[in-house]
Amino acid sequence: MDQGLPAAAGSSADAVNIAGRLERLPLSRFHVLACALVGTAMFFDGYDIALTGLVMPSLVKVGLLAEPQRAWLISLSLLAAALGSALSGIIGDRYGRRKLIIANIVIYGLASPACGLAQSYPTLLGLRMLTMLALGMQIPAGYCYLSELVPKLHRGRMQSIVALLINGSLPAGALVAWLIVPNLPSDEGWRALFFLSALVLPLALSRPSVLPESPRWLASAGRLAEADLGAAEIEKNLRARGTVLSEPEPLPDPVQDLGWSALLTGGTRRRFALAVLFQICQLSAVFIFASWLPTILIGRGFDGASAFALSGLSFAGGALGPALAIGLSDRFERRRLLVAASCLAAVAAFAYPLHASALWLTSLGLVLTTTIYFVSATGFGIYLPEILPTGVRLRGIGVATLLGRMSSALTPFAVSGALRLVDNPLSVVGGVGLLYLLMVPAFLFLGPDTAGRSLEALEHSDLTEQQSALRSRYCLS
């Protein structure tokens, strides 16, 4: 009757307690360096997104881009990023996290600088799509990889630091453009911005001892001998630096790959549904508020300079949100933090249209941006990679991100239509509140508590439900 039921990797007599050995490791230089290297690679995602808006005026000015082609360049690049998100799951769960991250660094580090050499629109469009394809794979791969490497007691803090690094890339890109573009001829400044992307390439030379393959993924792929060697190498390097390691707690090894159907079975089905809903609501909310705020404020009667100044002050929350996550995500249950932050974001969004003074709009905008990016750092950076099993973690995150990106691509049409219909343009921000209200019951009823729990404890609770469901199906048949 039990034939065909999924089995955990740890059920083998050859189990090597990968999870227990990784969880007992103290936070060390090894973890900090891995987070710094992967976070720096992910930093260029935000830098490159900033480039899209920063180089547009120069591209139009030099005649490389006509005004009607601007929308196609943006839309097709976003489509490539969405496709990359889905491919990250297929490739990363099949061939490994390290290989995917290194490949993305190489592709991006060559394709983005090559954009600076483009002499025609078709060439630029093709290179931008290749660049965004790699970047679409890098963010899900990076967060999943680090969640499998960092011990449970420090996972929230380290992932939040990486999120802060990623968000810092947006103002950094704007600063670099401000320093370079005005000081070079019009056909050289935008090219120089792309050339700077090559700075990521040295990261591809990171040694396996510094950036190893995830032992958890190796175990989930049934490659226990390699997982054992990988964990032993990490332990050896720590001992060489004088670290005394305690005896590991016996933990089951990561669940082996159960196939795509695992995302739609048992407890994983609810968690995957939460991941999809989160990505749709979160990415749409970010796009509505971050991309349309200056336009919304101008529509309310503010002049261009005032609208950009108010937006800039509000967007300081992009750094405050991850900074709060650094201090809170390991001290309190993450699911409850996400519920509280979603409620606060909804209140701020609904209150936003009720005020017209610059002080109120700036204050509410700062609260809303802070909560948006706190939810992004805690939800996407920490919580979602925790709740899905190792064998399908990257696939689940990749598909959810794909659906979220596709959904957010529809928001310009919704916002544009709403601005034509409403008397008060600020009312559009209320739509952000509705998105966060949708997330509250999703976190309450679909997601588990994760703080202080190993990834294996979380995924084996799913496995029990999947096995029960399969047993019931076999019995009924």
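**Exercise 1. How much space lies in the second largest pocket, and which elements give two or more residues to its lining?**

Solution. The model is predicted: local features need pLDDT of at least 70 and side-chain atom pairs count only at pLDDT 80 or more, while totals for chains, interfaces and linings use all residues. Residues are numbered from 1 along each chain as its sequence is written, and side-chain values use heavy atoms, with hydrogens and water left out.

Step 1. On a 1 Å grid over the protein atoms alone, a pocket is an open set of points with protein on both sides within 12 Å along at least five of seven lines, a cavity is a set of points where a 1.4 Å probe fits but cannot get out, and lining residues have an atom within 4 Å of a point. Grid points are joined across faces, edges and corners, and a volume is the space filled by probe spheres set on the points.

Step 2. Read the volume: the second largest pocket holds about 260 Å³.

Step 3. List the lining. Eleven residues line this pocket, and the closest to its centre are Ser75, Leu78, Ala409, Leu410 and Phe413.

Step 4. Assign elements. Helices are DSSP runs (H or I, at least four residues), numbered from the N terminus. Two or more lining residues come from each of helix H3 (67-95), H16 and helix H17 (411-421). H3 gives the most, with four residues.

**Exercise 2. Describe helix H16 by its span and its burial.**

Solution. Step 1. H16 (residues 393-408) has 16 residues and reaches 22 Å from its first C-alpha to its last. The expected span is 1.5 Å times one less than the number of residues; for H16 the reach is close to the 22 Å expected.

Step 1. Apply the burial classes: buried means under 20% relative accessible area, exposed over 50%, and partly exposed in between (1.4 Å probe, protein chains only). Twelve of the 16 residues of H16 are buried, and the helix is mostly covered. Among them are Arg393, Arg395, Gly404 and Ser408.

**Exercise 3. Which residues line the largest cavity?**

Solution. Step 1. A search of the whole structure finds two cavities of 30 Å³ or more. The largest has a volume of about 50 Å³.

Step 1. Its lining consists of Thr52, Val55, Met56, Leu59, Leu73, Leu124, Arg128 and Phe194. H2 and helix H5 (121-149) each give two or more residues, and the largest share, four residues, comes from H2.

**Exercise 4. Characterise two edge-to-face aromatic pairs.**

Solution. Step 1. A pair of aromatic rings is described by the distance of the centres and the angle of the planes. Rings of Phe, Tyr and Trp (its six-membered ring) pair if their centres lie within 6.5 Å; planes under 30 degrees apart count as stacked, over 60 as edge-to-face and the rest as tilted. By this rule there are seven aromatic pairs.

Step 1. Phe44 and Tyr47 pair edge-to-face, at 6.1 Å centre to centre with 75 degrees between the planes. Both lie in helix H2 (residues 29-61), three residues apart, so about one helical turn separates them. Phe44 is buried at 8% relative accessibility, and Tyr47 is buried at 5%.

Step 2. Tyr383 and Phe443 also form an edge-to-face pair, with 6.2 Å between centres and 75 degrees between the planes. Tyr383 belongs to helix H15 (residues 358-387) and Phe443 to helix H18 (residues 430-446), so this pair ties together parts 60 residues apart in sequence. Tyr383 is buried at 0%, and Phe443 is buried at 0%.

Step 3. Ring pairs link Phe43, Phe44, Tyr47 and Tyr108 into a cluster.

**Exercise 5. Where is Val200 found, and with which residues is Val200 in contact, leaving aside its neighbours within four places in sequence?**

Solution. Step 1. Val200 sits in the loop between helix H8 (186-195) and helix H9 (215-220). Its relative accessibility is 1%, so Val200 counts as buried.

Step 1. Contact means heavy atoms within 4.5 Å. Leaving aside neighbours within four places in sequence, Val200 is in contact with Ala41, Phe44, Ile105, Tyr108 and Gly109.

Step 2. Phe43 and Val200 are 157 residues apart along the chain, and their C-alpha atoms are separated by 9.4 Å. Phe43 is one of the cluster's residues, as are Phe44 and Tyr108.
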